[in-house]
Structures are given as C-alpha cells and as structure tokens.
Amino acid sequence: MKNRPFEILIKNLLRATTYCIVIFIGYILFDIIRKGLPAINWEFISGFPRKSGSEGGIFPAIVGTLYLLFGTMLTALPLGIASAVYLSEYARQTLFTRSIRLAIITLAGVPSIVFGLFGLGMFVIFFGFGASILAGSLTLACMVLPTIIVASEEALRAVPQSLREGSLALGATQWQTIWKNVLPYSLSGMLTGSILGIGRAAGETAPILLTVAAFFLPKLPQSIFDQVMALPYHLYILATQHPEAHKVRPLQYGTALVLLALVISLSSGAMLLRSYFRRKYRW
Amino acid sequence: MKLQAWKDKAVKLLLLGAASTSILVVLLIFLFLGREAFPFLKEPGIKALFDTRWIPVSFQKVRFGLLPLFTGSLLITGLATLITIPFSVFGAIYIAEMARPAEREFLKPFIEILAAIPSVVLGFFGLIVLAPLVKSIFHLYSGLNAFTGALLLALMAIPTVISISEDAIRSVPISYKNASLALGASELQTILRVTVPAALPGIIAAVMLGMGRIIGETMVVLMVTGNAGIVTLMPFESVRTMTATIAAEMGEVSFGSIHYSALFCVGVVLLLITFGLNLVSQRVLKKYGMMQ
C-alpha cells in the first residue's frame, strides 16, 4: 500500500503520453482544416489549374486520383479475394502455401518507393506502357495486394465452420459450399477491410511519382495510356517545387484538405461499415 | 455430377493461380530491380558504391558512394525509433491494460486515423508548421534537418507499433496476471513485471516492423530533412536518405545512364534492408504465437 502515490504517478504518466499522441494528431487535423477550408470553393473543386498551378482549381488532380483508385481496385480486389479464398479454404500446410505466406509478408514490407522503381522498370519501360494510368494502377495494385489478402482472410475466418460442414454434409461440392455458404457472409467484411487498404493507396505519392503523375496537365485523360495529375503529387509539387511557394499557400492547404478528406472518409466509412456488418452477422 | 467435379477442380486451379501472384510479384520486384541495377555493377563496378561521396552530376568526376545516403537513412531511422519506442510502448500499455472500455473505443480508431494520414500531408505539415517551430525552439539556421524528419517519421510508425504491441500485451494469458495479483502484487507491478515482460518479444517485433516503415518512407524525408548529401550523425544537420535520393533524382536522369542504374542499386539496398527487418520480426511474432 505504501507505493500508492507512485502507482498513480506512473499511471498518469502513461495516460499523458497516450493523450500526447492524440493531441498531436488532433492538432495536425485542426491546422489543415482551419487553413484549408477558406481555400475550398466550387471553383477550386471543379476548375482546372492555371499558370502552372498558381491559380484555379484541382479538378484534374481529383479525377486522376479517383481513376487511379478505381484502376487499383479493379485489379487488386479480385486477385486479393481469390488468393484469400484459396489460402483459407483450400490450402494445406505445404511448402507452396508457406512460400505464398512469406511472399505476402515480404510484399507488405517493401517500401513504396521500391514499388515505384519496380513499376518504372516493369510497366513503364519493359511493357512499354509509358507513364500512364495503367502503369500507376498496376503498381499501386501490387502494393495493396497484401493488405487485401490479409483483410479478406480475416473475414473468411469469421464464418463459422459449421456452415461449411452443413453444406458439405448435404453433398455440395467444396466450391458450391464456398459460393453459396461462405462468400455471401464474408463479402462485406472483405470489402470493408480492403477499402481500408486501398484508401491508404490514394494518399501514396512515391509509387505514382515514377509511374504516372504529371506535373501540370490541365486536361482530363482520354485513355488508360495517358498521364494524369494526382492529389498527393500535386500537393508535393505546390509545396516544394513551386517558384512562389509562399503565395500559393492557400492552394496548398486546400489540396491537403481535399486529399485528407478523401482518404479519411474512405477509411472511416469502411470502419463504420465494418462494425455495422460485425453486429449484423453475429454467430 | 461429373460436371460439378470438373468445375470444382477448375475453380481450385484458378484460385491457386491467383494466390501465386504474390510470389510472382515478389520475384518480379527482385528481377526488375536487379535488371536495372546490373549495368552499374558491371561498368563502374560494385566498388564504386563504397565511395564516401554521392555526386551524381558533376563536370569533373561523378561519384556514387552510398555512404552518405546510408548514414542519412540510419541516423533518421535511429532517431525516429528512439522517439517511437517510449510513445508506442507507453501508449500500448495504457490502451491495453489501463484505459476504460469506452476510452479504448475512442483511442484505437483515433490513432488508426494517424495511419491513414497520407505521408505527403504529414510532410507538408512538417514543412510549414513543424520545421519553423523546431528552428525557433533550438535556435537553428534551418528547421529542415534530421530531427524534424525523425519526429514526423515517428508519428507515422506509432500507429503500427501501438497496434501490434497492444495485440501482444493482450495475448498474454490471463492466468499469468491472476497468479501475480493473487500473490499480492499490485496492478502496476503486475503490468510492469509480468505482463510486459511476457509480451516483450511481440513488442520488439512491433518496433522492428515500425523501423521497416520508417526506413522505407519517402515523402516526409524528401520534404523536411534538407537533403544535403553529407556524412553526419548530428541530429540537427541536414541529411539525405536513400529513399529521398531515388524520388528526387529519378525524374531527371536519362534511362539507361550510369546514374539511372545507380539509383536502382540504392533501391536494391533498400529492398534488402527492409526484407531482412521484416523477416526477422515476423519470425519473432510467429515463434511466440503473437500474430494477431
């Protein structure tokens, strides 16, 4: 009992450290919202940039980021979900399965700039796609693949074994079981988990720096072989490469806010949906 | 019936194919990085990488020593890890063992938001707000230095490290805690002498995974560390990391030049470092049964 004040002191120290992080995050969000909001108006969202980005809007960058997101989802989602179904429903503990798992762990740790180099070497140069939406989306897809696989596997594991056994006992094949009795109950979990991963890809700059992003391109892309502007790269350029960086400060904050809002609404939307579905399917 | 069986086989093969893409992508990453880096190893030779200066563009003699970039990455990673450890470990202990349930429900997603903030936005915040602050607090010539970069990188690593450490702490069997409490140890003694030591391998692995994230981060260091290619271990000096070098210079080189190939060599070194860190930390997590 004599250590009581000491215990309280330590406990408060731990609490203070934790809330220190919270306050720091809060301050970053507050700073960007406070200085970004005044810059945002209809012209900024829907207009094209003028004078190499010193004036006008960021519409092409928003569209570019959405295209990249869409392209990434289109390639990475089916591949990731199919991998997860194989790993959780079919795979036995073989050397091959272990190699797949090792590969997934390795991919998850590869730095984003290395993905950029890889995309440059393979998609841009070797396959001859050039700096394009296609090359950028494929690079980002490789990057988010491990996140999608892990999230989807988790969703599949949450489906009770008895559902599979019941179906198999009635004479259904394994694929019929998966299609009719496993996927319908896990798809929501897979999607929300995957959106969390893909949302992060929307904010990545390093991979698209080398594979797709255009410095200043005040028009919309015509095909998947076109370059696009993208929000993160646009912010980087405005903040560091612009000759009058001080003058365009409101535009910088506005771009940062739009990017932040896009990424955070994607991830928090996914988080909310996830908790909704978790409550809906309680076994 | 026969048809069903065939269909089942076909689907299985298809899924197997999809699952193999991960292996394929890893192999292709090594292959393509190696392919583009290879000309450098042949022509100036691998010895050129051990030079002490990185001067890729020069009228006299170009030099491609990795040392300044390597020490730059090392310094920043070291500093950022030093900042990350106390914050994440204290935070994880608090969230896992002390916070009330409602508090946990707030703290966990809030810290997850930090992981969602794009690195370029953090870099921007660092450039505009944090760097001037560091400059005026420490009376420096410039706020763009290793310390500012490390602060932001620590912030990027904290959510990962907290979440894995917290899993590790919570995976300690309740019987350990009960035994300790039954022997008359206080709550704090139990946490510090029983729970945390039991979770230590998981915490160490979490820190290593965080280090992997820090060393591979590009935009923050590109924007706030000043990017001077000098060999230094002083926290308030401007440094240039391996990642920032690739990002800054790749846009300006011509394909197939020595400089281009040298940048891919930097990429290979980076890939090997993160590969090693990642592998060791996963081994540890697995050995002690602390995978989520």
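A:K35 counts as partly exposed, at 32% relative accessibility, where partly exposed lies between buried (under 20% relative accessible area) and exposed (over 50%), computed with a 1.4 Å probe on protein chains only. This is a predicted model, in which local features need pLDDT of at least 70 and side-chain atom pairs count only at pLDDT 80 or more, while totals for chains, interfaces and linings use all residues. Residues are numbered from 1 along each chain as its sequence is written, chains are lettered from A and ligands numbered from 1 in the order in which they are written, and side-chain values use heavy atoms, with hydrogens and water left out.

The partner of A:K35 is A:D31, and the closest N and O atoms of this salt bridge are 2.8 Å apart; the term requires a side-chain nitrogen of Lys or Arg within 4 Å of a carboxyl oxygen of Asp or Glu. A:D31 also meets the side chain of A:R34 in a salt bridge, at 3.7 Å from N to O. A:D31 is buried, with a relative accessible area of 0%, whereas A:R34 counts as partly exposed at 45%.

Over all chains, the structure holds 11 salt bridges. One of them joins the side chains of B:E166 and B:R170, with 3.9 Å from N to O, and both residues lie in helix α5 (residues 146-170) of chain B, four residues apart, or about one turn of the helix. B:E166 is buried at 1% relative accessibility, while B:R170 is partly exposed at 43%. Through shared partners, salt bridges connect B:R104, B:K108, B:E166 and B:R170 into one network.

## The interface between chains A and B

The contact, meaning heavy atoms within 4.5 Å, takes 81 residues from chain A and 79 residues from chain B. The two chains bury about 7,200 Å² between them, of which carbon and sulfur atoms give 80%; this is the accessible area (1.4 Å probe) lost on putting the two parts together, summed over both. Within chain A, the residues that lose the most area to chain B are A:L14, A:I21 and A:L117, which together account for 8% of what that side buries.

Between chain A and chain B there are zero salt bridges, but eight residue pairs are in polar contact, both residues being at pLDDT 80 or more. A polar contact is a pair of N or O atoms within 3.5 Å; within protein, one must be able to donate a hydrogen and the other to accept it, and residues adjacent in sequence count only if both atoms are side-chain atoms. Helix α1 (residues 4-36) of chain A gives the most to the side of chain A that touches chain B, with 22 residues.

B:E103, in helix α3 (residues 101-116) of chain B, is buried, with a relative accessible area of 10%. Apart from its neighbours within four places in sequence, B:E103 is in contact with A:R15, A:Y19 and B:Y94.

## Helix α6 of chain A

Helix α6 (residues 133-157) of chain A has 25 residues and reaches 35 Å from its first C-alpha to its last, close to the expected 36 Å, which is 1.5 Å times one less than its number of residues. Helices (H or I, at least four residues) and strands (E, at least two) are DSSP runs, numbered from the N terminus.

This helix, α6(A), bends by about 40° at A:V144, and a proline, A:P146, follows within four residues; the bend is the angle between axes fitted to the seven residues ending there and the seven starting there. Of the 25 residues of α6(A), 19 are buried, so the helix is largely enclosed by the rest of the structure.
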